[in-house]
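The entries follow in the order of looking up.

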Amino acid sequence: MAKPVFINTLVFVSDMKRSVAFYCDLLGQTIAQDHGDFVQLENGLALHNGPALETTMFGSPTDERSRYGRGNLVLYFETDELEAMLARMPQETELIHPIETQAWGQKVFRCYDPDGHIVEVGEPM
């Protein structure tokens, strides 16, 4: 029996335009496929309009209107320009913490994306 092949991580988003701007314009990611309600990035991350995906999966959008991010998933990025990346973050971006040196010696900062998913940006190890 063939084992399944992992393709990507898909996150629910409430506003595709805002999320594409965050990941592509701010974090410099590139769109591999754009199907409107579903955008796959070249890095293996995919964004899906939450209410549309809820309808596909459950027959209708859920009644819950909280942020999709639940603090139980981290999307990790690396950059050689950590300080510059932090400086480019819009003022309305909710930082979890500024650049800090972690116990393993790496400098990182963490913030929330527009839907509350945790994004970690670190220097290459």
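Is Phe 12 buried, partly exposed or exposed? I find Phe 12 partly exposed, at a relative accessible area of 21% (buried means under 20%, exposed over 50%, partly exposed in between, with a 1.4 Å probe and protein chains only).

I note that this is a predicted model, in which local features need pLDDT of at least 70 and side-chain atom pairs count only at pLDDT 80 or more, while totals for chains, interfaces and linings use all residues. Residues are numbered from 1 along each chain as its sequence is written, and side-chain values use heavy atoms, with hydrogens and water left out.

Phe 12 and Tyr 68 form a tilted pair, 5.4 Å centre to centre with 40° between the planes. Phe 12 belongs to strand β1 and Tyr 68 to the loop between α2 and β5, so this pair ties together parts 56 residues apart in sequence (helices, H or I, of at least four residues and strands, E, of at least two are DSSP runs, numbered from the N terminus). Tyr 68 is buried, with a relative accessible area of 17%.

I next looked up Tyr 23 and Phe 77: their ring centres are 6.3 Å apart and their planes at 35°, so the pair is tilted. Tyr 23 lies in helix α1 and Phe 77 in strand β5, so parts 54 residues apart in sequence are tied together. Both residues, Tyr 23 and Phe 77, are buried.

I finally traced an open sheet of 4 strands with mixed pairing, in the order β5-β8-β7-β6 (two strands pair if DSSP finds at least two bridges between them).

Conventions. Phe/Tyr/Trp six-rings, centres within 6.5 Å; stacked < 30°, edge-to-face > 60°.
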